[in-house]
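Visitor: I would like to be walked through this structure, one point at a time.

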Amino acid sequence: MTVELSQPVRERVRSAERVVVFSGAGVSRESGLDTFRGAGGLWERMRPEELATPEAFRADPEKVWQWYAWRYRRVCEASPNPAHKSVARLEAVFPIIRVVTQNVDGLHERAGSRDLLELHGTITRAFCNRCGQRRDMGEAIAESAAAPPVCSCGGRFRPAVVWFGEALPEDVFRQACEATESCDLFLSVGTSGTVYPAAGLIELAHQAGACLIEINPEPTPFSRWMDLRLTSPAGEALPARVEAMERCRCPTT
Ligand code: BJW
Ligand code: ZN
C-alpha cells in the first residue's frame, strides 16, 4: 500500500539536510524483545531498582548478572525487524543522519546503521567494575553464567550498560545533543520519553524547530508537539513512511 505524507511534512522532508532518529525499546518489540514500561514490559515483572542500578549489583551481583545473561541470550536470538532496516535505509536518503538509540541490543547496527550513538551502552560488552577492562559479554557469560566473572584485578565484570544514577557516556551524549540542536527532521521511535537525560533530546529538537515525527502506539509526554504522530507499530509504520520519504527526495526513482 502506498502511503503519502501530508503536504506540510512532505515539504519539511524534501528540504531536510540533517536528520536524527531517536529510538527506544519499542523499535525492537517486533524483534521479540521486551519493552521496559507498559503492558508486558520488563518492569511489570521486576523492579528497576533491584536490577538496573549499581546498588543492585553491589547487593546481589548474581541476580543482576543472571538477568543480563538471560537478556543477552534473547538479543543473540533476535534479528533486526523492518523498523531497524527502514532506519538504516534512511542513510541513503538524507545527507546527514544520526541514529541515537537508548537501546543496548545492537539491532540498529546489525540492520546496517553506521552513524550510531548508543546512549545507554551495549549489552554485547562487559567491563570490570574496578579496573575498567573490557571484554565480550558472550565470552564472559560462557566463562560464568551464574555469577559475574572475577577480573585478574579482583574486580567483577558487569554489563557495559548505563544504569540509573550513572552518567551517560559524555562524548556520546554531547554528540547526540549537537546533532539534535542542528537537525531539521527528528523521528522519535518506540520510546516512552520518560528517562532523562535521553528524553531531553526531544525537548531539544522541539526548541531547535525541527519537524517532529513520533512513532508509538501509545501517547507520550511529547505527543502534543508532534507534526506527525503514527500509532501503528514501528515495523509497520516505518517502511511505508521511509518509502514515501524516498519518493519525495528522489522523485524520479
Ligand atoms: C512501541 C512498540 C512498537 C511498544 N512500535 N513503539 C530528570 C527528571 C527525573 C529523573 C531524572 C532526571 N534526570 C535524571 C533522572 C534520573 C533517571 C531517570 O530518568 N529517571 C526517570 C525514570 C524518572 N536517569 C538516570 O539515572 C540516568 N543517569 C543520570 O541522570 O545520571 C546523572 C549523573 C550525572 C553525572 C554523574 C553521575 C550521574 C541514567 C538512565 C539510564 C537508563 N537505563 C536503562 C537501563 C539500561 C540497561 C538495560 O537495558 O538494562 O535504559 S532504564 C531503561 O529505560 C533503558 C531504556 O533505554 C530507558 C528508556 O526506555 P524506553 O526505550 O523509552 O522504553 P520504554 O519501555 O519506556 O518505552 C517503550 C515504548 O515503546 C512505549 O512507549 C511503547 O508504547 C512503545 N512501543 N511497542 C513502536 N511495536
Ligand atoms: Zn579488573
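Visitor: Which residue is the bridge partner of Phe 127 in β6?

Guide: This is a predicted model, in which local features need pLDDT of at least 70, side-chain atom pairs count only at pLDDT 80 or more, and totals for chains, interfaces and linings use all residues. Residues are numbered from 1 along each chain as its sequence is written, chains are lettered from A and ligands numbered from 1 in the order in which they are written, and side-chain values use heavy atoms, with hydrogens and water left out. Strand β4 (residues 121-128) and β6 pair in the antiparallel sense over five bridges, where pairing requires that DSSP finds at least two bridges between two strands, and strands are DSSP runs of E with at least two residues, helices runs of H or I with at least four, both numbered from the N terminus. In β6, Phe 127 has as its bridge partner Arg 158.

Visitor: Why is strand β6 described as largely enclosed by the rest of the structure?

Guide: Buried means under 20% relative accessible area, exposed over 50%, and partly exposed in between, with a 1.4 Å probe and protein chains only. Strand β6 covers residues 157-161, and it is largely enclosed because the number of its five residues that are buried is five.

Visitor: Which strands are the edge strands of the open sheet?

Guide: Six strands form this open sheet with parallel pairing, in the order β3-β2-β1-β7-β8-β9. Two of them pair on one side only, and these edge strands are β3 (116-118) and β9.

Visitor: Which residue in β9 does Glu 214 stand opposite?

Guide: β8 and β9 pair in the parallel sense over three bridges. Within β9, the residue opposite Glu 214 is Arg 229.

Visitor: Which residue has a side-chain N or O atom 2.7 Å from an oxygen atom of ligand 1?

Guide: Ligand 1 is surrounded by 34 residues, a residue being near if one of its heavy atoms lies within 4 Å. An oxygen atom of ligand 1 is 3.2 Å from a polar backbone atom of Gly 190, whereas the side-chain atom at 2.7 Å from a ligand oxygen belongs to Asn 216.

Terms used
Polar contact = N/O pair within 3.5 Å; in protein donor to acceptor, adjacent residues only side chain to side chain.
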